[in-house]
Amino acid sequence: MLIKYLSLIEDGKSVNFRAFLKQVPSRYKDSSLYLIEKDGVGQKYFVHFRDAQAFAELMEIANKKKNGNRLSATELGDSHKKKVSSNGFAFRDLNSKEYSLLVVNAESATFVPKLAINNDCVIIENREVFYSEDLETLLAQHGIDGTKCDILLGNGGEVKNTYLSNFLDGRYDRVHCLFDYDLGGIKMYESLHAALQGSRKTKIMFSMPLIESLCKRPLDYQKPSSSDFNEAIKLASALNLTKLRNNILKASRFFEQEMLLVNIKELSFNE
């Protein structure tokens, strides 16, 4: 928007001066920097800069804003409003027992591990689960052969980054999501679902254990707030996550993925 105002001013056209001042950094809001002349009736004025250097500086700032990348925003002290140019996701291969890193950006990917050769993918929200020695057993209890999947650590909210969904789309047949059974986990799934629902190849699913006992909560498991609980149930219903919805309703509590590791040891699936 700032570039638009400056271009009009440079062309000798009138602008809404008050609106223009809202677009400039604080050090340029002093009206004494400008000579203004009313353009008939209304809010528009012809604006002239007393100092040509000030106009040049504002034009440089405007062009950086228009560019919109994080490095340009950093120069303006505003980088937190721009997402990074690339994102990295930890990668695990259960066959070789090796770890690597997937790096994705707006062009889909800048570094794909050589181990990424499978048709299916598993995205795990919880770090403890991702690095667990019981992961292969845990995935099997979800009906997933972990040795035939590329396994990614979701990094929480970074799963919602479009760079990742662009990479997933068309590369995999199925994307299994092991997310917490709570509002945050469902929102993560919602974001990926929205990004991939139009895909001709890639299908996304919220994966849950085949047997309900793996999802048991301790008696003293904390109850969520009513607002979060109700919103989670409503969103799960909207996404047709019937099994997840019923699980949360039955327990009246959310469920963190880390509890799967506790339950799987108690149920001795590794024996």
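This is a predicted model: local features need pLDDT of at least 70, side-chain atom pairs count only at pLDDT 80 or more; totals for chains, interfaces and linings use all residues.
Trainee: Why is S199 called buried?
Mentor: The relative accessible area of S199 is 8%. Buried means under 20%, so S199 is buried. S199 is placed in the loop between α8 and β9 (203-206).

Trainee: What makes the approach of the S199 side chain to the backbone nitrogen of K201 a polar contact?
Mentor: The distance is 3.3 Å, and a polar contact needs N or O atoms within 3.5 Å. A polar atom of the S199 side chain also lies 3.0 Å from the backbone nitrogen of T202. Leaving aside neighbours within four places in sequence, S199 is in contact with D169 and G170.

Trainee: How do you know that C121 is in no disulfide?
Mentor: The nearest cysteine sulfur, that of C149, is 7.7 Å away. A disulfide needs two cysteine sulfur atoms within 2.5 Å, so C121 is in no disulfide. A search of the whole structure finds zero disulfides.

Trainee: Why is C121 called buried?
Mentor: Its relative accessible area is 0%. The cut-off is under 20%, so C121 counts as buried.

Trainee: Which residues touch the most other members of the largest nonpolar core?
Mentor: They are I123, L168 and F179, in a core of 59 residues. Helix α8 (residues 183-196) gives the most to this core, with six residues. Among the residues L168 touches are C121, I123 and L192.

Methods:
Residues are numbered from 1 along each chain as its sequence is written. Side-chain values use heavy atoms; hydrogens and water are left out. A nonpolar core is a set of buried Ala, Val, Leu, Ile, Met, Phe, Trp, Tyr and Cys residues joined through side-chain atoms within 4.5 Å. Buried means under 20% relative accessible area, exposed over 50%, partly exposed in between (1.4 Å probe, protein chains only). Helices (H or I, at least four residues) and strands (E, at least two) are DSSP runs, numbered from the N terminus. Contact means heavy atoms within 4.5 Å. A polar contact is a pair of N or O atoms within 3.5 Å; within protein, one must be able to donate a hydrogen and the other to accept it, and residues adjacent in sequence count only if both atoms are side-chain atoms.
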